[in-house]
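Open the model in your viewer and keep the selection tool ready. The stops below go one selection at a time.

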Amino acid sequence: MSSAAPYEYPALRTGRPEPVTVAVYAADPVLRVGVVQQLRHRPEAALVDDADADTAHVSLVVVDSVDDDVAALLQRLRHNTATRTGLVVGTLGAGSLQRVVECGVTAVLRRGEADQDRLVHLVTALANGEGVLPGDLLGELLTHVGSLQRAALDPRGVSLSTLTTREADMLRLVSEGLDTAEIARKTSYSERTVKNVLHEITTRLQLRNRAHAVGYALRNGLI
């Protein structure tokens, strides 16, 4: 019995592929124009109007940093099965990579490196179902995946896997004397998210407060 043929992305079936349709999302019009101008004259990409954005093969979200509004947009796009999402970002704060991956982003490009060829590569890779990450971010992601695997194998053990990357980053900032508002600005999360994460740490590890959590983490080499 023959096996089913693998799914092939429609735009890439011919020797001269049809362009990949692309929707660009950017709250800052300057950022939007920059990406649109890079892609407008490339035959590999066809930009779509806002009215047809939900039908695009690829959605490019262009931002300075990842905050709650950006995360909400990424989550909305994640539920649109017609599109795959890429992120063009100025800076990724502590824990932001984990956050965008959880939102369904499979390709990330730093805005300072987003020349025409790299943008086209990002778009075509997304259309082919491939992921794209800068080398240092790929290393960070692999480290996080390794932590999750160790946690699954030894959920009760005291090791680096006791805390997620985001939790460890926030506790480290607490140990440096930062308050909730300062941690929120540093990590690009909302103050509510910071409070929830720190509360989750103290509850899960049965600790009294933030100071107790920092002391626990330091004693066990978690930060």
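Is Asp64 buried, partly exposed or exposed? Select Asp64: at 42% relative accessibility, this residue counts as partly exposed (buried is under 20% relative accessible area, exposed over 50%, partly exposed in between, with a 1.4 Å probe and protein chains only). This is a predicted model, in which local features need pLDDT of at least 70 and side-chain atom pairs count only at pLDDT 80 or more, while totals for chains, interfaces and linings use all residues. Residues are numbered from 1 along each chain as its sequence is written, and side-chain values use heavy atoms, with hydrogens and water left out.

A salt bridge is a side-chain nitrogen of Lys or Arg within 4 Å of a carboxyl oxygen of Asp or Glu. Arg111 is in the loop between S5 and H4 and Asp64 in the loop between S3 and H2, so the pair ties together parts 47 residues apart in sequence. Helices (H or I, at least four residues) and strands (E, at least two) are DSSP runs, numbered from the N terminus.

Now select Arg32 and Asp50, another salt bridge (3.3 Å, N to O). Arg32 is in helix H1, and Asp50 is in the loop between strand S2 (45-47) and S3. Asp50 is exposed, at 60% relative accessible area, and Arg32 is partly exposed, at 26%.

Last, select Asp54 and Arg76, whose side chains also form a salt bridge (3.5 Å, N to O). Arg76 lies in helix H2 (residues 68-78). In total, the structure holds ten salt bridges.
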